[in-house]
Amino acid sequence: MSDRDTITSRTVNFGLFSNVILALLKSLIGIFGHSQALLADGINSSSDVVYYVAVKIFMRQANKPADPEHPYGHRQLESISAIVVGAFIITTGIAIFWESINKVYAMATTASSEQTSLWVLVIAAATLLLKVHLLALTRKNHRQTGNPTLKALANDHLNDIMASGAVIAGVLAARLGLPWMDPAAGAIVALFIFKTGVSILMESSAELMDAVPDKEFGETVRQIALSVEGVRCIEDLGVHRFGTVYTIEMTICVDGGISVEEGNNIAHRVEEKLLARYEGGLRRVMIHFHPETPHSHFG
């Protein structure tokens, strides 16, 4: 196992262990401490446990080397894993939101004498501190590995920090005579959860659809190619991601009067220049060349 995979595995294992403990504590204290917001957060942590297990399975498969059926390896499973995380988060957010809204309505129409336990505040504060640590650790390890799953997990930790803050605010308001604020905080938690899930889903889907990483990257690649003598224009540019590295496919326009060998030499120089510019970041560069026509364009 590479250092990158070891770091990823340790981060996932630590997050899984933490969420198992948090799911048990928050759910039990939320029920017996009469806090809808903490119970909602406990359900979120329980969901976290499920998708952490799924992430572990995906990461194990992503570590497999290339084979005849998967010549580029299995690294795209990292993006699929991030999508699984996003889908779990969205589903959990929707369920918690409706449950919290129903609780607000029930409390508005029915008198309740239940007071939220102080233990709810203790667990919420402990959760906030633990999640701050997990966020810092996961972000640091994402920067080291470039693994999109770790980025998705870091976003979820940030989401949990905001959720814990909402729980604390809701419980304090409830103890000050506004009991409906506690389930209302649960609804706010759900909105944070939903928003995080959608952003993870959109970003990871873009990676699987071979979107160019960013506008600056695409523009730089085009300018490098155009700087090679003999390249008249860029007709097409495709980028495929495989883990932390990319494969570039580009179609360039050359003078239609040159020989095939001259066109091949131009394409080879473009490949060399791109590989030198993004040393370690490109797995392969494939250049196709076409004769320039009136319909050729800068793509």
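This note goes through the predicted model in numbered points, from the overall architecture to single residues.

1. Basis of the note. The model is predicted, so that local features are reported only at pLDDT of at least 70 and side-chain atom pairs only at pLDDT 80 or more, while totals for chains, interfaces and linings use all residues. Residues are numbered from 1 along each chain as its sequence is written, and side-chain values use heavy atoms, with hydrogens and water left out.

2. Overall architecture. The chain has eight helices and three strands, where helices (H or I, at least four residues) and strands (E, at least two) are DSSP runs numbered from the N terminus. Read from the N terminus, the order of elements is α-α-α-α-α-α-α-β-β-α-β. Among contacts (heavy atoms within 4.5 Å) between residues at least 6 apart in sequence, 74% join residues at least 24 apart.

3. Surface and burial. The accessible surface of the chain is about 15100 Å², and 63% of that area belongs to carbon and sulfur atoms; accessible areas come from the Shrake-Rupley method with a 1.4 Å probe, and for residues only the protein chains shown count as cover. Of the 299 residues, 43% count as buried, where buried means under 20% relative accessible area, exposed means over 50%, and partly exposed lies in between (1.4 Å probe, protein chains only).

4. H1 has 30 residues and reaches 44 Å from its first C-alpha to its last, close to the 44 Å expected at 1.5 Å a residue, the expected span being 1.5 Å times one less than the number of residues. Phe 17, Val 20, Ile 21, Leu 24, Leu 25, Leu 28, Ile 31 and Phe 32 form a nonpolar surface patch with about 790 Å² of accessible area together. Patches are made of residues with over 30% relative accessible area and no salt bridge, like charges being joined within 9 Å and nonpolar side chains (Val, Leu, Ile, Met, Phe, Trp, Tyr) within 5 Å. Leu 28, which lies in H1 (residues 3-32), counts as partly exposed because its relative accessibility is 45%. Just after H1, His 34 takes a positive phi of about 60°.

5. Ser 46 in helix H2. Ser 46 lies in H2 (residues 36-62) and counts as partly exposed at 33% relative accessibility. Beyond its neighbours within four places in sequence, Ser 46 is in contact with Ala 23 and Ser 27; from Ser 27 it is 19 residues away in sequence and 8.5 Å away in space, C-alpha to C-alpha.

6. H4 has 28 residues and reaches 40 Å from first to last C-alpha, close to the 40 Å expected at 1.5 Å a residue. Its buried residues include Leu 121, Ile 123, Leu 134, Leu 135 and Lys 131. The side chains of Lys 131 and Asp 160 meet in a salt bridge (2.9 Å, N to O), a term that requires a side-chain nitrogen of Lys or Arg within 4 Å of a carboxyl oxygen of Asp or Glu. Lys 131 belongs to H4 (residues 118-145) and Asp 160 to helix H5 (residues 148-175), so the pair ties together parts 29 residues apart in sequence. Both Lys 131 and Asp 160 are buried. H4 is followed by Gly 146, whose phi is positive, near 70°.

7. The second salt bridge. The count comes to two salt bridges, and Arg 232 and Asp 255 also meet through their side chains in one (3.5 Å, N to O). This pair links distant parts of the chain, 23 residues apart, with Arg 232 in the loop between helix H7 (215-226) and strand S1 (233-242) and Asp 255 in the loop between strand S2 (245-254) and helix H8 (260-277). Arg 232 counts as partly exposed at 44% relative accessibility, and Asp 255 is partly exposed at 33%.

8. Cysteines. The count of disulfides (pairs of cysteine sulfur atoms within 2.5 Å) is zero. Cys 233 is buried, with a relative accessible area of 8%, and Cys 253 counts as buried at 0% relative accessibility.
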